[in-house]
Amino acid sequence: MPEEKTIQITDKKEIEKIIEEKIKNRKLVFTNYYWYTIDKKGLSHKLVLETFPRFELVFAIEQETLKHGDLGYELFYKLSGNTSLSIATCPKNKELLIIHAVEYKRKLDKRIKTFKT
């Protein structure tokens, strides 16, 4: 099993490169875990669908090696004030697995170390 490693990316050009190469123009596939987590957290699927393509709102990406060796990308979107949305993804061929989504109603500067509000 590969070693799990998370890298935080906050450089705008690097974010744009990852979105262009790994996220855009892929068929979205929502995992069972995604449906479970949004139901458990009371998160609107409509909010996720409306937010996902608004890549200009992405202020950070966490890149993580997942348990089967795939690279996952968690995109952090700034919605308003202290509200952010993260959408965890995993590119697979021409598809993009949507693993989970989380809405944060607080500043994320402790989680995203280099992000400044």
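Let me start with Gln63, which touches Lys5, Thr6, Ile7, Ile9, Ile18, Leu71, Gly72 and Tyr73, leaving out residues up to four places away in sequence; contact here means heavy atoms within 4.5 Å. Gln63 sits in strand β3. At 18% relative accessibility, Gln63 counts as buried, where buried means under 20% relative accessible area, exposed over 50%, and partly exposed in between, with a 1.4 Å probe and protein chains only.

A word on where this comes from. This is a predicted model, in which local features need pLDDT of at least 70 and side-chain atom pairs count only at pLDDT 80 or more, while totals for chains, interfaces and linings use all residues. Residues are numbered from 1 along each chain as its sequence is written, and side-chain values use heavy atoms, with hydrogens and water left out.

Another residue of strand β3 is Glu62. Glu62 counts as buried too, at 8% relative accessibility. Its side chain joins that of Gln8 through a polar contact of 3.2 Å. By polar contact I mean a pair of N or O atoms within 3.5 Å; within protein, one must be able to donate a hydrogen and the other to accept it, and residues adjacent in sequence count only if both atoms are side-chain atoms.

Now the overall layout. The protein chain has 3 helices and 6 strands, and along the sequence they follow the pattern β-α-β-α-α-β-β-β-β. These are DSSP runs numbered from the N terminus: H or I of at least four residues for helices, E of at least two for strands. Of the 117 residues in the protein chain, 38% are buried. Among contacts between residues at least 6 apart in sequence, 56% join residues at least 24 apart.

Let's look at helix α1, residues 12-23. Which residues of α1 are buried? They are Ile15, Ile18, Ile19 and Ile23. Seen down the axis of α1, the buried residues fall within an arc of 100°, so they line one face of the helix; the arc is that of the directions from the helix axis to the C-beta atoms. As a reminder, an α-helix has 3.6 residues a turn, so residues three or four places apart point the same way. The buried residues of α1 pack against β1 (6-9), β3 (58-65), β4 (71-80), β5 (83-92) and β6 (95-105). Just after α1, Asn25 takes a positive phi of about 60°.

The largest nonpolar core has 22 residues, and Ile61, Leu75 and Tyr77 have the most contacts inside it. A nonpolar core, for us, is a set of buried Ala, Val, Leu, Ile, Met, Phe, Trp, Tyr and Cys residues joined through side-chain atoms within 4.5 Å. At least two residues of this core come from each of α1, α2 (32-41), β3, β4, β5 and β6. Which element gives the largest share of this core? It is α1, with 4 residues. Take Leu75 as an example: setting aside neighbours within four places in sequence, its contacts include Ile19, Ile23, Phe55, Ile61 and Leu85. Apart from this core lies another, of 5 residues, among them Phe59, Ala60, Phe76 and Val102.

Two of those names come back when we turn to the rings. The structure holds 7 aromatic pairs; rings of Phe, Tyr and Trp (its six-membered ring) pair if their centres lie within 6.5 Å, and planes under 30 degrees apart count as stacked, over 60 as edge-to-face and the rest as tilted. Phe59 and Phe76 form a tilted pair, 6.3 Å centre to centre with 50° between the planes. Phe59 lies in strand β3 and Phe76 in strand β4, so this pair ties together parts that are 17 residues apart in sequence. Phe59 is buried, with a relative accessible area of 11%, and Phe76 is buried as well, at 0%. Elsewhere, ring pairs link Phe30, Tyr34 and Trp35 into a cluster.

Last stop, strand β5. Of its 10 residues, 9 are buried, so β5 is largely enclosed by the rest of the structure. On one side, 7 bridges join β4 to β5 in an antiparallel arrangement, given that two strands pair if DSSP finds at least two bridges between them. Ser80 stands opposite Thr83 in β5, and in the hairpin of these strands, with 2 residues between them, Gly81 takes a positive phi near 45°. Strands β5 and β6 also run antiparallel, joined by 10 bridges.
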